[in-house]
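Visitor: Hi! I have a model open and would like to talk it through with you. Could you help me find my way around?

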Amino acid sequence: METKKNSKALFDKKIISKAIIDSFIKLNPLSLIKNPVIFIVGIGAALTTLIFFTDLSEGNFSAFNLQIMLWLWFTVLFANFAEAVAEGRGKAQSENLRKSRTNTIARKKTDAGEVKVSAIELRIGDVVICETGDLIPADGEVIEGIASVDESAITGESAPVIRESGGDRSAVTGGTRVLSDNILIKVTSNPGETYIDKMIALVENAKRKKTPNEIALSILLSGLSIVFIVVVVSLKFFFNYYHITLSQDVSSVSIPVLTSLLVCLIPTTIGGLLSAIGISGMDRLLQHNVIAMSGRAVEAAGDIDVLLLDKTGTITLGNRMATEFIPAPGISEKYLADAAQLASLADETPEGRSIVVLAKDMFGIRERNIHELDAHFVPFSAQTQMSGVDLPATEKSHTKIIRKGSLEAIKRYISEGTKIDPNSQGNFMFTQMVGVDIALEGGTPLIVVENKNILGVIQLKDVVKGGINERFAQLRKMGIRTVMITGDNKLTATAIAAEAGVDDFISEAKPEDKLKRIRDEQSSGKMVGMIGDGTNDAPALAQADVGIAMNSGTQAAREAGNMIDLDSNPTKLIEVVEIGKQLLMTRGALTTFSIANDVSKYFAIIPAIAMSLFSTNGFNGPLSVLNIMRLSSPQSAILSAVIFNALIIIFLVPLALKGIKYRPESAINLLKRNILIYGVGGLIVPFIGIKIIDLILTFLKLV
Amino acid sequence: MNYLHDFLQLLLFLILLIPLSYILGNFFAKVFQGEKHFLQPVLGKFENFLYRFSGIDTQHQMDWKEYTINLLIFNFFGFLFLVALQLSQQFLPFNPQHLPKVDLLLAINTAVSFVTNTNWQSYAGETTLSYFVQMAGMAVQNFLSAATGIAVMVALIRGIATRNGKTIGNFWNDVTKSVLYILLPLSIIFSIILLSQGVVDTFSHYVTAVTIEGQKQIIPLGPVASQVAIKQLGTNGGGFFNTNSAFPFENPTPLSNFLEVLSILLIPASLVFTYGKMLGSKKHAWTIFGVMLFVFLAGLAVSYYSEISYNHVFNTQKIMEGKELRFGIFNSVLWSTATTVASNGSVNSMISSLSPISGLIAMLNIQLGEIIFGGVGAGLYGMFLFIVITVFISGLMVGRTPEYLGKKIEAYEIKWSILAVLLPSIAILFFSSVAVVSKNGLSSLLNKGPHGLSEILYAFTSAAGNNGSAFAGLNTNTNFYNILMSIAMLIGRYGVIVPVLAVAGSLVKKNIAPATSGTLATDNFMFAFLLVAVILIVGALTFFPVLSIGPFLEHLLMQSGITF
């Protein structure tokens, strides 16, 4: 995807070194408590530290407790680091945006005339003047004039865009530069409240609000943490029971050991990575040049059931193009093409250009020099509804008067004054029939006549964008139905819908129809996404669960939507949906992984602390059968589990930042793969990991 | 040992259970959906009379808070009534043995136990309670606590099935229907069958017999058959006699034993199909049923295997200590598995004497949350909580806001669900850990070592799981246990009911999203697999540590010849 242009290497040196420092700053309890799972680890680490130093002051140095203490702190730091890296990447991303927010001087228009003020003094409703070369000081709407604007600062796209008052392209973004002409702009946002500001806040985690699913997951994780606290604390009592009733030695169940067990059991992996996942999701969105008003909207995008798309510019290229020449009986196709090209040489409309190109492509008829031909062009007029060319007689041919136009216009033209001659009569019937066929296929017929003789028909068609069919197929696989909205009649709409592969369409649609359709879908429980740019789209964008406004669109549209696509590329929604889904999937997968990990940790720690029960030699009691990993010693087993638990956070940081892979496919297949990788994998991986760490610890004689 | 015989019996059990519960389940659905059914002409008028008589407007629909408050008031008065009966039984009729009033704390414990469908018995029925208290008190609460469970389940179903609603039904209507059309008819049929098998049902004095050795023996009697029927069907389990269904007057013949086991699971299993029918997803019901059956059979298999395995210590293949010779190993294990999964506290053998692994399975069955068939109504709404958690985690993994049958599962639902799943578990661990280190807790203990730990753990597991069966070996009729266990029973019951109703109240307001290919299906093998995984992992993660230093350690020690 070309929109990846803003992405950067996963680990930038600068970001990493800053993140390392931030990891320590984030040890501040006030900041730690925002993440309950990691906060618990922090308390455990502090408790272990206290015990270690108390022992030390009494002259008992415990290398084992020291190592536990260090690894518990590492666990906290690693989780902080994950968050800091995500924030760092977000910051780097937003720096591009921030650059555009430099303190420009605005030319504010007042009753008294023009006043120069700083951009940060502008308020909603102020009117500013921008001329060639000026930076636009704030988000706003063009109220007078037309200008070409360089928006590369925010979109990365170098081609200038046109912004004009009225119509659907009136919105301008602060930080972009006027390249030509001058415009009057009405400011629509206060400083610090622009779209860019909102997005910066989202990627920098400063004001990032937890999304609904994130909140739900946090509750689940906190619940699990609470139950594990009860499990671990009660375990101490159950061991004491053996001490009280049978004088068993239960000194192995010390507070550092129980803390280790607790930290291993609570979902630290997902707990530590949760906020990194959220931040990096917003970051990825920004890499795709989409600005979201909230994280909630991105998540909602993953839930979309129905997507409403405007036909023009989204599904089709936006202009009708000539696709076929259908000659009348007795006329060669090449002759028709030649005449059609001649008639269109001076026609600068996209339709006219496409006729010239088609004739060239099909028959190699080159564009002829207009002046050499000494031709007189007849431009399209509302009166005649036709355009064409008058060619003077040459030695090769007599005078030619070529016209092209709609069936109605041509009918009027050839029956003008005179009666239609019998020859033409037959051809006219033919063109009528062809015309109906073309309309049935979703095209528009254009009739070509030479000296009032019908030569044939040019088929003009809405050309469906290349690859759009596959994109809709992808959406269908994701479970999203696409609905095309078009002002075309039903016949044309049916044909285009079939060609593009949309699931449904609304033809002859009025703005109210869009709104009604969205409400209907929503009342049947569906989540609706909508892409639009015009002011008349605003109500629909606001009503939709996810409304993506084109950056090129009007201010009204941009305010109504909850996302803005800076590239103004309507199929961008697919990426947005993917990011939304990826966010949820990454959280779900890491939660599953985290919980599945616990099984192996039990098999490491429980035998380690319980194998002394009823043992004859002090350590190899009956419960050592649970030591299925054959870990070398109780200390090594506990330490290995804690170390694995800490390291896995670091190992999974890249996954949290990139998100797990999303492929458009049915839910059941997605689930199967993720369960296999993160569920089954989560069961097996730690067994191997803990064993390896145990071997290393034993080899290094650390325990 | 005839394994084939055991297997055939299991097969017969399933062959009867599955179709019967399917038929009954669909019938129950008709009852609650207000459709016409064959009992309506018979009892419909009586039902309407009851509403008119007690001034209940069945048209009045309640939101979840009103429903919950009505339920709590109803149960609270049931509790007060039970306590009052026990404290005044010496003045009340049908007390041929002139049993004195019950001790206050015991009375409270017993009342809580019967109101919460736990039926933990710190008392011995035949020496503590008069016929009148048994009938007007215990038997009545057997019906009402079961009906309360069904009502909650039905309210939950409405919460899931209703689109953009506010109310989840009328509590009084649901309770009345449950008693009138489900519990009463089945109990009447079943008690007649039990009578035919020789279960006693009389108001006569206890009989004094002279044995061949010339010793006097008191043979207790009472209105037993009618109470045993509901005790089994309503997953109550509170025996008329202390030895419960091991006593010939409660369970005289192989046929009575077979039917009593069947009736333990009958209504909980039927309600799965009621659930599916009312939610319009029979396939989903079969999925849940499959999950329950799988966990049930797995537990049974392990339990059975550990009982028939060769025992090194005693040099024997089968241990009959604590089992009725009449029933043998298979029927004892089938019973213990069925009662522990289904929150039915009845016993026909002594769980304490089962092999440590069988004891572990029995305990784990309860600790999983009494959701494998589970208590009447309670099993299914408990299972719903696990479904919510499964749907949430796996729903995230397919990249959508998790949905269950079209309803979005969000923070509110997760909050209450996780609370309801954790409260009973926390209660078990908390109270057990207090008991195992306190003087009051330990003084009631018969055995030391891991077996003693199991005895205490089982008692609180049974209480918080609202099961009611006893491991035995622990004298719980002390102030310490009567109080702590009452609290555990209340947490285990209302700590689940209130959250479930809260979730129902939240779900009812939501719209139902139609299923797409991007929606997580809840009616296929994959989902069943995940649900089993979540149930086992949540259960195992919570109880693995204590079970391993309790029954599992005992098993290991027994293998090497150390017993306590």
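This is a predicted model: local features need pLDDT of at least 70, side-chain atom pairs count only at pLDDT 80 or more; totals for chains, interfaces and linings use all residues.

Visitor: Let's start where the chains meet. How many residues of chain A are in contact with chain B?

Guide: On the chain A side there are 66, and they touch 62 residues of chain B. The two chains bury about 5,300 Å² between them, with 79% of that area on carbon and sulfur atoms.

Visitor: Which residues in chain A lose the most area to chain B?

Guide: Those are A:Phe238, A:Tyr241 and A:Leu671, which together make up 13% of what the chain A side buries.

Visitor: And how many salt bridges cross that interface?

Guide: The rule finds 1 across the interface of chain A and chain B. B:Arg400 forms a salt bridge with A:Asp305, and their closest N and O atoms are 3.0 Å apart.

Visitor: Which elements of chain A give two or more residues to the side that touches chain B?

Guide: They are helix 7 (212-246), helix 16 (468-478), helix 18 (511-523), helix 21 (572-610) and helix 23 (667-699) of chain A. Helix 7 of chain A brings the largest share, 25 residues. Sorted by class, the side of chain A that touches chain B has 43 nonpolar, 15 polar and 8 charged residues.

Visitor: Nice. Switching to strands: what is the order in the open sheet of 6 strands?

Guide: In chain A the order is 2-1-3-9-4-7, with antiparallel pairing. Strand 2 (113-118) and strand 7 (171-172) of chain A are the edge strands, each pairing on one side only.

Visitor: How many bridges join strand 1 to strand 3 of chain A?

Guide: There are 3 bridges between strand 1 (residues 105-110) and strand 3 (residues 127-130) of chain A, and the two run antiparallel. As for who faces whom, A:Lys109 stands opposite A:Val127 in strand 3 of chain A.

Visitor: What about strand 18 of chain A, how many of its residues are buried?

Guide: 4 of the 5 residues of strand 18 (residues 481-485) of chain A are buried, so that strand is largely enclosed by the rest of the structure. Strand 11 (residues 306-310) of chain A runs parallel to strand 18 of chain A, and 5 bridges join them. One pairing there puts A:Asp310 with A:Ile485. Strand 18 of chain A is also joined to strand 19 (residues 504-506) of chain A by 3 bridges, again in a parallel arrangement. In that case A:Met484 has A:Phe505 as its bridge partner.

Visitor: Which salt bridge can you show me in chain B?

Guide: B:Arg158 and B:Asp174 meet through their side chains at 2.8 Å, N to O. B:Arg158 is in helix 6 (residues 131-161) of chain B and B:Asp174 is in helix 7 (residues 171-197) of chain B, so this pair ties together parts 16 residues apart in sequence. B:Arg158 is buried at 18% relative accessible area, and B:Asp174 is buried at 2%.

Visitor: Last topic, backbone angles. What is phi of B:Phe373?

Guide: Phi of B:Phe373 is near 70°, a positive value in a residue other than glycine. B:Phe373 lies in the loop between helix 12 (356-367) and helix 13 (378-397) of chain B, and at 1% relative accessibility B:Phe373 counts as buried. B:Phe94 has a positive phi too, of about 55°. B:Phe94 is in the loop between helix 3 (64-87) and helix 4 of chain B, and B:Phe94 is partly exposed, with a relative accessible area of 39%.

Technical notes: Residues are numbered from 1 along each chain as its sequence is written. Chains are lettered from A and ligands numbered from 1 in the order in which they are written. Side-chain values use heavy atoms; hydrogens and water are left out. Two strands pair if DSSP finds at least two bridges between them. Contact means heavy atoms within 4.5 Å. Buried area is the accessible area (1.4 Å probe) that two parts lose on being put together, summed over both. A salt bridge is a side-chain nitrogen of Lys or Arg within 4 Å of a carboxyl oxygen of Asp or Glu. Ala, Val, Leu, Ile, Met, Phe, Trp, Tyr, Cys and Pro count as nonpolar, Asp, Glu, Lys and Arg as charged, and the others, Gly among them, as polar. Buried means under 20% relative accessible area, exposed over 50%, partly exposed in between (1.4 Å probe, protein chains only).
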